[in-house]
Amino acid sequence: MTWTLGHQVQEDTKKSRTHDRKRRSSSSISSDDSEKSKRSYKKSRSKLDEVERLAEMERLRRQREIEQKIVDEAAQKRISELVEQKVAEELEKRKEEIEAEVLRRVEEVKRQMEDQMMKELEKKKQEQLEELRKNEEITALN
């Protein structure tokens with residue numbers, strides 16, 4: 001009986017192993033499905049993380065651009081103010097010199113106009129004298 005019992009134990013062990021293999025294989029199938037599911041989840045999560053990372057990088061880039069634009073505008077405004085201030089200071093410093101130069105030019109133009117008017121008056125006077133002489137000669141001949 002021991003042989004039979006041993007044989008029986010052996011048979012039971014074989015059946016048990018076969019059953020275990022089947023269970024393991026179905027378990028490994030579900031394990032494979034689970035692994036695939038995990039990999040798929042990780043892959044989709046990884047893609048999602050990458051998309052989020054890229055979106056964050058783009059947001060930061062836009063933010064830096066906006067900040068740079070604000071800085072550039074502020075710098076441009078400050079430069080304009082400084083130039084305007086410098087011009088005003090320079091004008092104030094040279095005000096008397098500029099006024100004197102303007103007065104000199106006005107006087108020069110005024111003198112030129114007076115000279116031109118005097119020449120025109122002299123020319124008209126000469127023309128009138130010439131006309132008068134001609135008229136006198138004509139009356140003296142008559």
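Visitor: How much accessible surface does the chain have, and what percentage of it belongs to carbon and sulfur atoms?
Guide: The model is a predicted one. For the chain, the accessible surface amounts to about 13,900 Å². The part that belongs to carbon and sulfur atoms is 55%.

Visitor: What percentage of the residues of the chain count as buried?
Guide: A residue is called buried when its relative accessible area is under 20%. The chain has 142 residues, and the share of them that counts as buried is 0%.

Visitor: How many helices and how many strands does the chain have?
Guide: Helix H1 covers residues 2–93 and helix H2 covers residues 95–141. The totals for the chain are 2 helices and 0 strands.

Visitor: Which helix supplies the largest share of the nonpolar patch?
Guide: The patch has an area of about 580 Å² and is made by Ile 79, Val 83, Val 87, Leu 91, Ile 98, Val 102 and Val 106. Helices H1 and H2 each supply at least two of its residues. The largest share, 4 residues, comes from H1.

Visitor: Is Ile 79 buried, partly exposed or exposed?
Guide: Ile 79 is placed in helix H1 and is one of the residues of the nonpolar patch. The term "exposed" requires over 50% relative accessible area, and "buried" requires under 20%. Because its relative accessible area is 46%, Ile 79 is partly exposed.

Visitor: Which residues are linked with Glu 58 in a network of salt bridges?
Guide: The side chain of Glu 58 meets that of Arg 61 in a salt bridge, at 2.4 Å from N to O. Glu 58 also forms a salt bridge with Arg 62, where the closest N and O atoms are 3.5 Å apart. The residues linked with Glu 58 in the network are Arg 61, Arg 62 and Glu 65.

Visitor: Why are Glu 58 and Arg 62 separated by about one helical turn?
Guide: Both residues belong to helix H1. Glu 58 is partly exposed at 26% relative accessible area, and Arg 62 is partly exposed at 48%. They are separated by about one helical turn because their spacing in helix H1 is 4 residues.

Visitor: Which residue of the salt bridge between Lys 93 and Glu 90 counts as exposed?
Guide: The two side chains meet at 3.7 Å, N to O, and both residues lie in helix H1, 3 residues apart. Glu 90, at 33% relative accessibility, counts as partly exposed. With a relative accessibility of 64%, the residue that counts as exposed is Lys 93.

Note on methods. Residues numbered from 1 in each chain as written. Predicted model: local features only at pLDDT ≥ 70, side-chain atom pairs only at ≥ 80, totals over all residues. Heavy atoms only, no water. Buried < 20%, exposed > 50% of the residue type's maximum accessible area, 1.4 Å probe, protein only. Areas by Shrake-Rupley, 256 points an atom, 1.4 Å probe, with all protein chains shown as cover. Patch = residues over 30% accessible without salt bridge, like charges linked within 9 Å, V, L, I, M, F, W, Y side chains within 5 Å. Salt bridge = Lys/Arg side-chain N within 4 Å of Asp/Glu carboxyl O.
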